[in-house]
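Let's take a friendly walk through one protein model, looking at a helix, a strand residue and the nonpolar cores. Keep the structure open beside you as you read.

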Amino acid sequence: MAGTTMVPERILRVIILAVFMPVTFLAVFFAAPAAMVHTVPMAEAKQVEYYLQAASEVNEKYGLEVKWQEILALDTVLLGQNFSQSSVERAKRLAAEFVQKEVVETEEVEAKVNVLYKQVPLDKVMVACRLSSEQKDQVSLFLKMIGSRGLVSDVIPDGWVPSGRGQFIWPLPKGQYTITSLFGPRVLNGVAGFHRGLDMGAPQGTPIFAAADGTVINCGWLGQAGRAIIVRHAGEFETRYYHLSRINVRAGQTVKQGTVIGLVGSTGNSTGNHLHFEIRRRKTALDPLSFY
Ligand SMILES: [Zn+2]
């Protein structure tokens, strides 16, 4: 009796493994973050102008209040964040999606035709553009990122992950940092300045990785930067890591991408444990986020 019941049980177990496990796996897999944004920032200032222009033209012509940020966020997704394809014409075509022409006929003594223009809300435009639900989520993420400067706002949305597709890897371990200050103009203690790097709050002692292969050209105490490391890379690039609690390398040393070169701290002009990370090319500081 025991022998005969064992067989079906075993078969049942095989069925459970063969059918339910993959189903569970797929369910978990697809339930993962619905929207991921891979590259930040998006359009260059010159390209942002296209969307500003397109929106203001539509608004003037039809008396509407179409938002350029919505057009830009939508096109960010439609272009897959590749703005080399953007143009004024393209922005204008997209802006037109936000306008609905309504013909109202009145039958009085003489038939009259009145044309009205109504604004189409973003969610309807997204349907008209046949966006998937993931793409719709991305549009709203981008919308949150577009600030007054047109590029990125002061916050990085929750769904954003560094892509790691470029030449540099992210200098801190995944999930162990919070971006606290972006690259660009900022006012600090009432003084307008330009923040040349990206600040990432992280616990003291968090390992810092060399973003790419290179040579340490300077390290040690560098004034306001506190304990700092500067690494030179191919293509006239250099990366800088400031406010460290510990330096693991010495000047002249070659490092591999991913080498732990130091630990997060709060040395120099710093109010808390964080890494100030810079990417420079020919001495000009560039927005680190544009490399991920
Ligand atoms: Zn900083």
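This is a predicted model: local features need pLDDT of at least 70, side-chain atom pairs count only at pLDDT 80 or more; totals for chains, interfaces and linings use all residues.

A strand here is a DSSP run of E with at least two residues, numbered from the N terminus.

Is Glu-278 buried or exposed? The cut-off for a buried residue is 20 or more other C-beta atoms within 10 Å. Glu-278 has 21 such atoms within 10 Å, and therefore counts as buried. Which residues does Glu-278 contact, beyond its neighbours within four places in sequence? They are Arg-196, Gly-197, Thr-239, Arg-240, Ala-285 and Pro-288. Ile-230 is 48 residues away from Glu-278 in sequence, while their C-alpha atoms are 9.2 Å apart in space.

**The nonpolar cores**

Leaving out residues up to four places away in sequence, Leu-275 touches Pro-171, Leu-172, Met-200, Ala-202, Ile-208, Tyr-241, His-243 and Val-264. Leu-275 is also one of the residues with the most contacts inside the largest nonpolar core, a group that includes Ile-208, Ala-228 and Tyr-241. This core has 34 residues. Several strands each supply at least two residues of this core, and S13 is among them. Some of the others are listed here.

| Strand supplying at least two core residues | Residues |
|---|---|
| S6 | 198-201 |
| S7 | 207-209 |
| S8 | 214-221 |
| S9 | 227-233 |
| S10 | 237-247 |
| S12 | 260-264 |

Apart from this core lies another, of 24 residues, including Ala-73, Val-77, Phe-98 and Phe-142. In soluble globular proteins, nonpolar side chains tend to be buried together.

**Helix H3 and its partner**

Now turn to helix H3, residues 68-78. H3 is mostly covered, with 10 of its 11 residues buried. Among the buried ones are Trp-68, Ile-71, Ala-73, Leu-74 and Val-77. After H3 comes Gly-80, which has a positive phi near 60°.

How do H3 and helix H4, residues 88-96, cross? Their axes come within 10 Å and cross at roughly 110°. Angles of 65 to 115 degrees count as roughly perpendicular, so H3 and H4 are roughly perpendicular to each other. The crossing of H3 past H4 is right-handed. On the H3 side the contact is made by Ile-71, Leu-74 and Asp-75, and on the H4 side by Ala-91, Leu-94 and Ala-95. These contact residues divide into 5 nonpolar, no polar and 1 charged.

Terms used: Residues are numbered from 1 along each chain as its sequence is written. A residue is buried if 20 or more other C-beta atoms lie within 10 Å of its own, exposed if 12 or fewer, and partly exposed in between; C-beta atoms are placed from the backbone. Helices (H or I, at least four residues) and strands (E, at least two) are DSSP runs, numbered from the N terminus. Two residues are in contact if their C-beta atoms, placed from the backbone, lie within 7 Å. Axes are lines fitted to C-alpha atoms, for helices over the stretch in contact, and angles run from 0 to 180 degrees between N-to-C directions. Angles under 35 degrees count as roughly parallel, over 145 as roughly antiparallel, 65 to 115 as roughly perpendicular and the rest as oblique. A crossing is left-handed if the near helix is turned anticlockwise from the far one by less than a right angle, and right-handed if clockwise. Ala, Val, Leu, Ile, Met, Phe, Trp, Tyr, Cys and Pro count as nonpolar, Asp, Glu, Lys and Arg as charged, and the others, Gly among them, as polar. A nonpolar core is a set of buried Ala, Val, Leu, Ile, Met, Phe, Trp, Tyr and Cys residues joined through C-beta atoms within 7 Å.
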